[in-house]
Amino acid sequence: METFLLALVIGGAFGAVLDRIGASNPSLIGRMLNLTDLNLAKTILLAIGVGSVLMFGGQMLGLVDVGHMSVKAAYPGVLLGGLMLGAGWAAAGYCPGTGVVAAASGRRDALFFIAGGLLGAAAYMITYPMWKASGLLDPIGGGKVTLGLVPGSEFNAISAFPGDVLGLILGVAFIAIAFALPSRLVRGGGDTAALCRMN
Amino acid sequence: MPLDWKTGGLLLGAVFFAAVLLVKPIGVSTQFVILDGILADAVNADLVVQIDEGYASSNAYLNKSDGKYARSVANPLNYSFVFVLAMALGGFVSARMRGGIKQVDKTVPALWRANFGSGSAKRYAVAFLGGFIVLYGARLAGGCTSGHMMSGMMQTALSGYLFTIGAFAAAIPVALTMYKREA
């Protein structure tokens, strides 16, 4: 029951925030990825930084359970899958989470994205043995590793640097990049009024 | 209007932190597999079976890691699946509270209209194909924008950086090519 409530509250909050920051608006995803409006990128960078600082800071103060960390394995398929996801993300303007939120917020094209997603996931379930046999799912760099060794965690690291300190430093770096990034990198014919009309 | 990036970033960061503080890092794309499994198991009840040590499946992917996914398919009311359903609920309520999405944007988003016109068939087709490669890619990578990019880099996971490099290396050229005109 407690698990159910936590899922409801945290999941609900995540969905609401994705809607409010515009991550489930394909026009804003497109404008981030064609480099004409980086506000969403700044939001995401700040969020990663804030999350990192709070988590590693909390760990250092003994307030956050290191055991809650869950590090995914690194293998060549991560890069390959990332490339595929990136292409689809740019074309459709949705990723798995934002597609769900967009459909719930009333976007009909997101229902087609979800239908395609269910079929794509099913296709992977069927073709998984082929990938497994290809060796592209074999771990690289140690597999489930962090950049620095996090005290008390079950995960290995690619360096001997203290992982919590490094996490804190990188968190601050993400925040700094969020502030330093301009709101657009590419000049186009757009005007600010157009930006407002999109929402 | 979306939230200012400072407010939005703080809120989004707080949610990612709350998740890892209280339960575990956020992830979404696995649940597409779980829903597929639930649907397929409803048609073919032999897909997921209970065994002495838990659950097993005739599908090698559902059966991997000691039937971890098979267990979730058999028990849909688990944390991760309810989490994604709750995301939909949160998105629905939030969109309602700010007045909803403009009717014209519901079928064809503004940036798409500026570049490809307002016909819905082409937009739906690309959304469908995009969904296919996004989820195929996410499952190949073992995570998506939430699990790899955000949760992963937040934890300084090597895999998170690997994924993010791949995702942007493809996403930026595709967006620059497809969306030349601004809305």
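A salt bridge here is a side-chain nitrogen of Lys or Arg within 4 Å of a carboxyl oxygen of Asp or Glu. The model is predicted, so local features need pLDDT of at least 70 and side-chain atom pairs count only at pLDDT 80 or more, while totals for chains, interfaces and linings use all residues. Residues are numbered from 1 along each chain as its sequence is written, chains are lettered from A, and side-chain values use heavy atoms, without hydrogens and water.

Select chain A. Its C-alpha atoms fill a box of roughly 50 × 45 × 40 Å along the principal axes. Eight helices and two strands make up its secondary structure, in the order α-α-α-α-α-α-β-β-α-α from the N terminus; these are DSSP runs (helices H or I, at least four residues; strands E, at least two).

Chain B gives 110 residues and chain A gives 118 residues. About 10300 Å² is buried between the two chains, 75% of it on carbon and sulfur atoms; this is the accessible area (1.4 Å probe) lost on putting the parts together, summed over both.

Next, show Glu182(B) and Arg184(A). They form a salt bridge with the closest N and O atoms 2.8 Å apart, and the interface of chain B and chain A has four salt bridges by this rule.

Finish with helix α6 (residues 109–134) of chain A and helix α7 (residues 120–141) of chain B. They pack at an angle of about 35° with axes 6 Å apart; axes are lines fitted to C-alpha atoms over the stretch in contact, and angles run from 0 to 180 degrees between N-to-C directions.

Terms used: Contact means heavy atoms within 4.5 Å.
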